[in-house]
Amino acid sequence: MFNKIFIVNRGEIAVRVIRACKELGIRSAVVYSEADRFSLHVRHADESYALKGNTPKETYLNYPLILQTAKDIGADAIHPGYGFLSENEEFITSIENSGITFIGPSSTSVRMMGSKTAARQLMKRNGVPIVPGTTEPIQNIVDGKKTAAEIGYPVILKASLGGGGKGMKSVFTESEFDEAFLSAQREAIKAFGDDAVYIEKLIINPKHVEVQIIGDKHGNYVHLFERECSIQRRHQKIIEEAPSSFVDSAIRERLTMSAIDAAKACNYYNAGTIEFLMDADKNFFFLEMNTRLQVEHPVTELITCIDLVKEQISVAAGNVLSFTQGDVKLKGHAIECRVYAEDPVNNFLPSTGTVTFHRIPSGPGIRVDEGIDTGADISTFYDPLLTKISAISVNRKDAIMKMNHALSQYLIGGLQTNIPLLKWILEQETFLSGNYPINFIDNEFLAKEPAKLLQTRKDD
Ligand code: ADP
């Protein structure tokens with residue numbers, strides 16, 4: 001096992017990884033920016049190292065400095081969390097060359113899944129269903145239009161190297177094609193330095209369902225069921241559940257098998273997630289693989305009683321997975337809500353300032369992954385995710401009730417949060433039915449009168 005793990009992230013995920021290190025008796029070291037000097041992850045870690053500046057580029061993305069620090073402090077492994085450097089192939093390669101262990105997959109697996117077109121080709125070859133469309137970038141507008149007509153409108157244009165919803169444009173008729181194509185190319189080059197764009201069929205009102213897998217370095221693979229992540233705003237998930245109430249056991253069997261096939265296709269080890277879109281007839285299509293720990297991993301941990309972070313650390317150290325597929329059992333229903341510092345009735349304006357009061361919810365079946373405490377400074381430098389609240393119970397209905405109560409108990413002073421929106425969602429018929437598409441927030445909240453819808457929540 002490792003002696004010292006260097007956690008190169010911040011906020012709730014850094015705190016989460018520190019917790020796993022403590023439970024395993026491993027020393028934890030973290031980095032922090034100037035704005036984060038009083039933050040929770042710095043207080044919890046055994047060692048902390050300052051980075052000059054505040055922008056992600058100067059700090060949490062500054063990998064030459066981060067790698068040098070890892071060597072200087074004698075870390076024998078690096079945990080990247082999610083976001084920042086977690087899927088940066090160059091960073092992972094340089095760690096591999098340094099003799100330090102990366103707690104994640106190999107740089108080769110990351111590269112294989114890094115380009116959406118390359119990943120689609122790989123999946124197709126390995127029998128994993130992909131969204132109908134091209135597996136190569138489009139060469140020009142004329143070819144693109146021809147292909148779009150063959151696939152049939154509506155289609156979606158996507159940057160090959162895309163991520164975070166950038167370089168993605170839906171096209172409903174041929175007359176919109178030229179403008180959408182040029183704009184997708186512009187966004188792609190700006191965000192990813194490459195203007196390659198390809199076409200997928202636009203699935204109408206799909207659901208986002210993903211499968212958690214984990215593999216070791218000895219060729220063993222296990223899935224930990226699916227998560228339902230269709231409650232999204234601008235392609236950002238805000239509420240996740242496990243399992244998905246839309247997925248029956250026959251579909252689950254096929255879905256999880258496809259996820260394992262996807263992982264095997266890129267010789268994957270460590271924790272990873274295969275994202276799928278599912279249409280109304282429950283056909284599922286590979287969307288992408290996230291080659292890291294996901295924000296929403298707590299719901300999977302809750303329904304399986306498996307600590308994914310400890311298992312990540314163990315398999316990175318070369319151990320065989322500590323459980324087999326047969327050991328993984330579904331134990332109830334879990335929901336996670338992401339609490340963001342933003343104002344849902346004011347176009348989700350980020351809320352900044354100092355946390356003046358902080359009281360987290362508790363009770364049987366409530367889990368809190370907190371990244372803040374009283375006195376924390378919330379700036380616009382980083383993602384506005386403050387805390388994740390999760391609830392587990394024997395069934396979905398009870399888990400929702402628990403979550404609703406937990407959100408009422410959660411008190412944060414000094415900042416505006418999205419808690420009123422989260423509570424509103426949990427009470428909607430469509431949500432309660434368990435069958436809601438990814439457009440739920442657009443159609444049922446944003447397209448209506450957000451301020452009025454949340455009016456009754458003012459006194460919460
Ligand atoms: P990114 O890597 O930029 O996050 P993804 O390919 O993962 O992009 O897609 C992000 C989201 O966009 C999905 O969760 C879904 O909401 C929507 N989306 C992507 N592809 C399609 C498609 N073919 N049809 C309908 N919606 C899609």
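Predicted model: local features only at pLDDT ≥ 70, side-chain atom pairs only at ≥ 80, totals over all residues.
1. A polar contact is a pair of N or O atoms within 3.5 Å.

2. A polar backbone atom of G165 lies 2.6 Å from an oxygen atom of the ligand. In the side chain of E200, an N or O atom is 3.0 Å from a ligand nitrogen.

3. The shell around the ligand holds 21 residues. K116, K158, G165, K201 and I438 are the closest. By class, the shell divides into nine nonpolar, six polar and six charged residues.

4. Which strands each supply at least two residues of this shell? They are β6 (155-159), β8 (197-201), β12 (270-278) and β13 (284-290).

5. Now the overall fold. The protein contains 16 helices and 22 strands. Its radius of gyration is 22 Å, close to the 23 Å that the globule rule gives for 460 residues, so the protein is as compact as a globular protein of that length. Along the principal axes, the C-alpha atoms fill a box of roughly 60 × 55 × 45 Å.

6. Burial and surface come next. Of the 460 residues, 57% count as buried.

7. Last, contact range. Take the contacts between residues at least 6 apart in sequence: 66% of them join residues at least 24 apart.

Definitions and conventions
Residues numbered from 1 in each chain as written. Heavy atoms only, no water. Near = heavy atom within 4 Å. Polar contact = N/O pair within 3.5 Å; in protein donor to acceptor, adjacent residues only side chain to side chain. Helix = DSSP H or I, 4+ residues; strand = E, 2+ residues; numbered from the N terminus. Nonpolar A, V, L, I, M, F, W, Y, C, P; charged D, E, K, R; others polar. Rg over C-alpha atoms; globule rule 2.2 N^0.38 Å. Buried < 20%, exposed > 50% of the residue type's maximum accessible area, 1.4 Å probe, protein only. Contact = heavy atoms within 4.5 Å.
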